[in-house]
Amino acid sequence: MTALTIFPRIALLPILSALLLAGVPAAAAPANAAAPVTATLTMRTPDSLEIAYALPPACKALAFVNDGVKAQAAVHLRSDWTPADDCTAVDFQSVRPTRASCRTLRLRVPATTRAADTRVYGQAEPWAQPIGGGLYAHTSAYAVHGCGAVDWRFAAPGGTVMVDGTVAPESVTRSSSAAHGGGLAAVLLHQPYRSDAPPFHAEDAVPPATRAMLAATLDESLGALRALLPGVHLTPAYVLAVPDDAPGLRAGVANGTVLRLLVPTQEPADLREQARELIAHETAHLAQPPHWPAPPGEDAGALREGGAEFLRLAIALRQGWLTPDAFRDALEAAVNGCAAAAGRQPWRAIEGRGKDPLARRCGLALHVLALSHPGPTPPLQRLQALYGKGGAQDPAGAARALECGDAAGCTPQLVTALRGVAPLRTVLEDEMRRSGAVLTATPAWGPQLTEAMTLHHLELLVRADCHGRAGIYPNRKAPRIGPGLRCGVLRDGMVPATAEGLPLFAGPDAIAASRAACRTRGATTIGMRDGASVTVRCGQAAGLEERVFGIDAERATQLVR
């Protein structure tokens, strides 16, 4: 945990001001603003940044926006920001000139990894994160309001600058409109610019062999994506690899253009597989238009994440990272995982379908089913045409295009049914009976489908025993019951291992036996990893639907050829 710093010389008034003002929506720009504020973020050495605000004539002070940053987090975030000259005064919520003649305000911001402490800083983006010979910074921490629009300049004298995918020597400028309200992501490197350098930077602490593997995975993913969608312009991106204490590879993505790979210092045996999954999914987002589709919402999230997941699987299949059987297994897990989340409800009633993990499952199911319908062009051409149109599409039009492409007289059968009132399971049953459908009645029960259905069954049992709350960590090796629940027989730290005496995650038999017990006696016996066992009342699990859908492997692979 990052320790909280005590600030003995801080006056009480600025802290109270910060607590009162943080999170206040940005004020409208003055109607007579003659010029924007110019904010320049400069890295002279990798141990700090300088942020300089050039003020227009009528501007007397700037307030930090703090969009999405809680008041106390804003206090700690700027605790070590200091004036770089005697013209500048700063507290945790504003920056202002010390006298009227001062028209440029300069602050020194030390390099820090504190943004990683989400318990203190929430979802704040890193503002001066060291990356080995440089810094990564997101402008959300530096965003200001009160004097009109803000134009941005990023500088690394003698070095290399990357801003939202654009790489250039020494400096990059962006107008206020470029931030789209969400800020800009910048990489500032001390090393001189090279036009032939790959869009990849790793800290020295990341082993050379790991760096080479990550860079090769990025290159292979981008190559496969260009081959799958040859007519789509890919948004330029930059990849950073930094060491991390977590047990597995993690990723953080800013603005869809900077992918930060957090590489475990104790590398797991399957690091290559983790890298292929993460990098392929995130590079797939580069084919999608920025801020697409609009407006944002549940279906928009499912289209974005589902499309990236569909392309991730297509990349993996093309590269030989997945076998056709594993490809089918992933699709079966998505369709059935989404159907399980819906229960007896229609698509539009699936809560959380726009956010992970359901956005990937339900969005992938939508892509597979819609693209499997015969359209005017092959499936990948439909997807390419959809992404090629740019961001001015609503979710309904984007979903229709998956099935119909640009055909004016086409009525999308599947998408129309999904947007109706029929339960999702009914829509899938009808789709399965369609001639040439990708859905079948005989699932293969591969590892991913088995995992998805087992975890869903366990979640229903936890909800039944814990007064409607689902507190289970979804790890197939150790699906542990979480803390803070008030349950009947389940307890924090329990790790389910068997159901009705059969091993979980070994196939469908354990879940089938548990469902049968739920139907006949309203309860099922769950064995724990430590040898103990409990009898859990089934609740909704007693009525869990029997049907599990399969995927025709040959028809599915045709979608990505």
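Biologist: Which helices each supply at least two residues of the lining of the largest cavity?

Modeller: In this predicted model, those helices are helix 6 (298–319), helix 10 (395–404) and helix 11 (413–418), and helix 10 gives the most, with 3 residues.

Biologist: What makes a residue count as part of that lining, and which residues are they?

Modeller: A lining residue has an atom within 4 Å of a point of the cavity, and for the largest cavity these are Asp 299, Leu 303, Trp 347, Leu 366, Pro 395, Ala 396, Ala 399, Val 415, Leu 418 and Arg 419. They divide into 8 nonpolar, no polar and 2 charged, with Asp and Arg counting as charged.

Biologist: How many cavities does the search find, and what is the volume of the largest?

Modeller: Searching the whole structure gives 5 cavities of 30 Å³ or more, and the largest has a volume of about 100 Å³.

Biologist: Why are helix 9 and helix 10 called roughly antiparallel?

Modeller: Helix 9 (residues 379–388) packs against helix 10 at an angle of about 150 degrees, their axes lying 8 Å apart; because angles over 145 degrees count as roughly antiparallel, the pair is given that name. Their crossing is right-handed.

Key. Residues numbered from 1 in each chain as written. Predicted model: local features only at pLDDT ≥ 70, side-chain atom pairs only at ≥ 80, totals over all residues. Heavy atoms only, no water. 1 Å grid on protein atoms, 1.4 Å probe; cavity = no way out; pocket = protein on both sides within 12 Å on 5 of 7 lines; lining within 4 Å. Points joined across faces, edges and corners; volume = space filled by probe spheres on them. Helix = DSSP H or I, 4+ residues; strand = E, 2+ residues; numbered from the N terminus. Axes fitted to C-alpha atoms, helices over the stretch in contact; angles between N-to-C directions. Parallel < 35°, antiparallel > 145°, perpendicular 65-115°, else oblique. Left-handed = near helix turned anticlockwise from the far one by under 90°.
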